[in-house]
Amino acid sequence: MASKRRQRRNECGDKVRHSSPQAAWGHAHSLRQKEQFGRVGIYKCRFCRAWHVGHHS
Ligand SMILES: [Zn+2]
């Protein structure tokens, strides 16, 4: 289960948790403008069930 633990760190870990997709989009939008994240998106975390901003493969 070592790989699963690593996956959780990638998909959840210390990421910001948003309680709604609207809030996550707001964060994603500011990241795009500030750091030129480009294709950053949002996804619902299957671990903590919050919304995260990041690159979801
Ligand atoms: Zn999470």
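Asn10 counts as exposed in this predicted model, because its relative accessibility is 52%. The cut-off for exposed is over 50%. Asn10 belongs to helix H1, which spans residues 2–11. Beyond its neighbours up to four places away in sequence, Asn10 touches Lys15 and Tyr43. The C-alpha atom of Asn10 is also separated by 9.8 Å from that of His55. Along the chain, Asn10 and His55 are 45 residues apart.

The overall layout comes next. The protein contains two helices and two strands. Read from the N terminus, these elements follow the order α-α-β-β. The protein has 57 residues, of which 28% count as buried. Contacts with a separation of 6 or more were also examined, and 49% of them join residues 24 or more positions apart.

The two strands pair with each other. Strand S1 covers residues 41–44, and it runs antiparallel to S2 over four bridges. Together S1 and S2 make a hairpin, with six residues between the strands. Arg49 sits in the turn and has a positive phi of about 65 degrees.

In S2, Trp51 and Val53 point one way. His52 and Gly54 point the other way. All four of these residues are buried.

Which residues make up the largest nonpolar core? The seven members are Ala24, Ala28, Leu31, Val40, Ile42, Trp51 and Val53. Two elements give two or more residues to this core, namely helix H2 (21–35) and S2. H2 supplies the largest share, with three residues. In soluble globular proteins, nonpolar side chains tend to be buried together. Leaving aside neighbours within four places in sequence, Val53 is in contact with Ala24, Ala28, Leu31, Val40 and Ile42, among others.

His52 lies in strand S2, which covers residues 51–54. Is His52 buried or exposed? His52 counts as buried, because its relative accessibility is 0%. The cut-off for buried is under 20%. The side chain of His52 reaches the backbone oxygen of Val16 at 2.8 Å. Not counting residues up to four places away in sequence, His52 touches several parts of the chain, among them Glu11, Cys12, Lys15, Val16 and Arg17. Gly41, Ile42, Tyr43 and Cys45 are also touched by His52.

His52 also takes part in a metal site. Which protein atoms are donors of the zinc ion? They are the SG atoms of Cys12, Cys45 and Cys48, together with NE2 of His52. These donors lie 2.1 to 2.4 Å from the zinc ion. In sequence, the donor residues are spaced C-x32-C-x2-C-x3-H. Cys45 is buried, as is His52.

Why does the arrangement around the zinc ion count as tetrahedral? The four donor atoms subtend angles of 104 to 114 degrees, and therefore the arrangement is tetrahedral. The criterion for four donors is that all angles lie between 85 and 135 degrees. The ideal angle for four tetrahedral donors is 109.5 degrees.

Definitions and conventions:
Residues numbered from 1 in each chain as written. Predicted model: local features only at pLDDT ≥ 70, side-chain atom pairs only at ≥ 80, totals over all residues. Heavy atoms only, no water. Buried < 20%, exposed > 50% of the residue type's maximum accessible area, 1.4 Å probe, protein only. Polar contact = N/O pair within 3.5 Å; in protein donor to acceptor, adjacent residues only side chain to side chain. Contact = heavy atoms within 4.5 Å. Donors = N, O, S within 2.8 Å, 3.2 Å for Na, K, Ca; no water. Tetrahedral: all angles 85-135°; square planar, octahedral: opposite > 155°, others 65-115°. Pairing = 2+ DSSP bridges. Core = buried A, V, L, I, M, F, W, Y, C linked by side-chain atoms within 4.5 Å.
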